Amino acid sequence: MSLISNGDAMRTRSFSSKKAFTLIELLVVLAIVVLLATLALPRYFQSIDTTKDTVLADNLRTTRETIDKYYSDNGKYPESLDELVAKKYLRSMPYDPVTESTATWVIVPPDDTAKGNIFDIKSGASGKSRAGKPYSDL
């Protein structure tokens, strides 16, 4: 007579025949995910910095063109950036993506202060762009 009855043998077989992931398989998958993350994350953060530089340069170019148009229309430079927004030359205050603010712009006045207050603007961000230029020189 056998020690295991037919019913017990069935239960043992059905329990051992269930499919499941082993610890080794889970560790291999986890290692692959970590490897892919270490390859992708540096490129992701690099692309964010490059995008910030591009947006900053575009915002500076657009705002400078707007200041020139304001001068052409009015014969003087604006007194503030708020004036450009109030007179509908800009939809909103220009945004500096590096400092993440609209209030950190460095205002460059014209040589003749009787012609207004804003001749040019520069970023108030410290540091250098991805191209190696200081943000204040863009």
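At 53% relative accessibility, Glu100 counts as exposed, where exposed means over 50% relative accessible area, buried under 20% and partly exposed in between, computed with a 1.4 Å probe and protein chains only. Glu100 forms a salt bridge with Lys52, with 3.6 Å between the closest N and O atoms; a salt bridge is here a side-chain nitrogen of Lys or Arg within 4 Å of a carboxyl oxygen of Asp or Glu. Because Lys52 lies in helix H2 and Glu100 in the loop between H3 and S1, the pair ties together parts that are 48 residues apart in sequence. Lys52 itself is partly exposed, at a relative accessible area of 26%.

The model is a predicted one, in which local features need pLDDT of at least 70 and side-chain atom pairs count only at pLDDT 80 or more, while totals for chains, interfaces and linings use all residues. Residues are numbered from 1 along each chain as its sequence is written, and side-chain values use heavy atoms, with hydrogens and water left out.

## The other salt bridges

A search of the whole structure finds six salt bridges. One of them joins Arg61 to Asp58, with the closest N and O atoms 2.2 Å apart, and these two residues, three apart in helix H2, are separated by about one helical turn. An α-helix has 3.6 residues a turn, so residues three or four places apart point the same way. Arg61 is partly exposed at 44% relative accessibility, and Asp58 is also partly exposed, with a relative accessible area of 33%. Both belong to a network of salt bridges that links Asp58, Arg61 and Glu65.

Glu83 and Lys87 form a salt bridge as well, the closest N and O atoms being 3.6 Å apart. Glu83 is buried, with a relative accessible area of 14%, whereas Lys87 counts as partly exposed at 46%.

## Overall fold and helix H2

The chain has three helices and two strands, where helices (H or I, at least four residues) and strands (E, at least two) are DSSP runs numbered from the N terminus. Read along the sequence, these elements follow the pattern α-α-α-β-β. Of the 138 residues of the chain, 21% count as buried.

Helix H2 covers residues 23-74. Its 52 residues should span 76 Å at 1.5 Å a residue, and the end C-alpha atoms are 74 Å apart, which agrees; the expected span is 1.5 Å times one less than the number of residues. H2 bends by about 25 degrees at Ala40, and a proline, Pro42, follows within four residues, the bend being the angle between axes fitted to the seven residues ending at a position and the seven starting there.

Within H2, the residues Asp53, Leu56, Asn59, Leu60, Thr63, Thr66, Ile67 and Tyr70 are buried. The C-alpha atoms of Thr62 and Pro94 are separated by 8.9 Å, although the two residues are 32 residues apart along the chain.

A nonpolar surface patch is formed by Leu23, Ile24, Leu27, Val28, Leu30, Ile32, Val34, Leu35, Leu36 and Leu39, with about 1,000 Å² of accessible area together. Patches are made of residues with over 30% relative accessible area and no salt bridge, with like charges joined within 9 Å and nonpolar side chains (Val, Leu, Ile, Met, Phe, Trp, Tyr) within 5 Å; the areas come from the Shrake-Rupley method with a 1.4 Å probe, and for residues only the protein chains shown count as cover. Ile32, one of the patch residues, lies in helix H2 and is partly exposed at 47%.

## Aromatic pairs

A search of the whole structure finds four aromatic pairs, for which rings of Phe, Tyr and Trp (its six-membered ring) must have centres within 6.5 Å, with planes under 30 degrees apart counted as stacked, over 60 as edge-to-face and the rest as tilted. The rings of Tyr70 and Tyr89 have centres 5.1 Å apart and planes at 65 degrees, so this pair is edge-to-face. The pair links distant parts of the chain, since Tyr70 is in helix H2 and Tyr89 in the loop between helix H3 (81-86) and strand S1 (106-108), 19 residues apart. Tyr70 is buried, with a relative accessible area of 0%, whereas Tyr89 is partly exposed at 25%.

The rings of Tyr71 and Tyr77 have centres 4.4 Å apart and planes at 20 degrees, so that pair is stacked. Tyr71 is partly exposed, with a relative accessible area of 27%, while Tyr77 is buried at 11%. Ring pairs also bring in Phe119, linking Tyr71, Tyr77 and Phe119 into a cluster.
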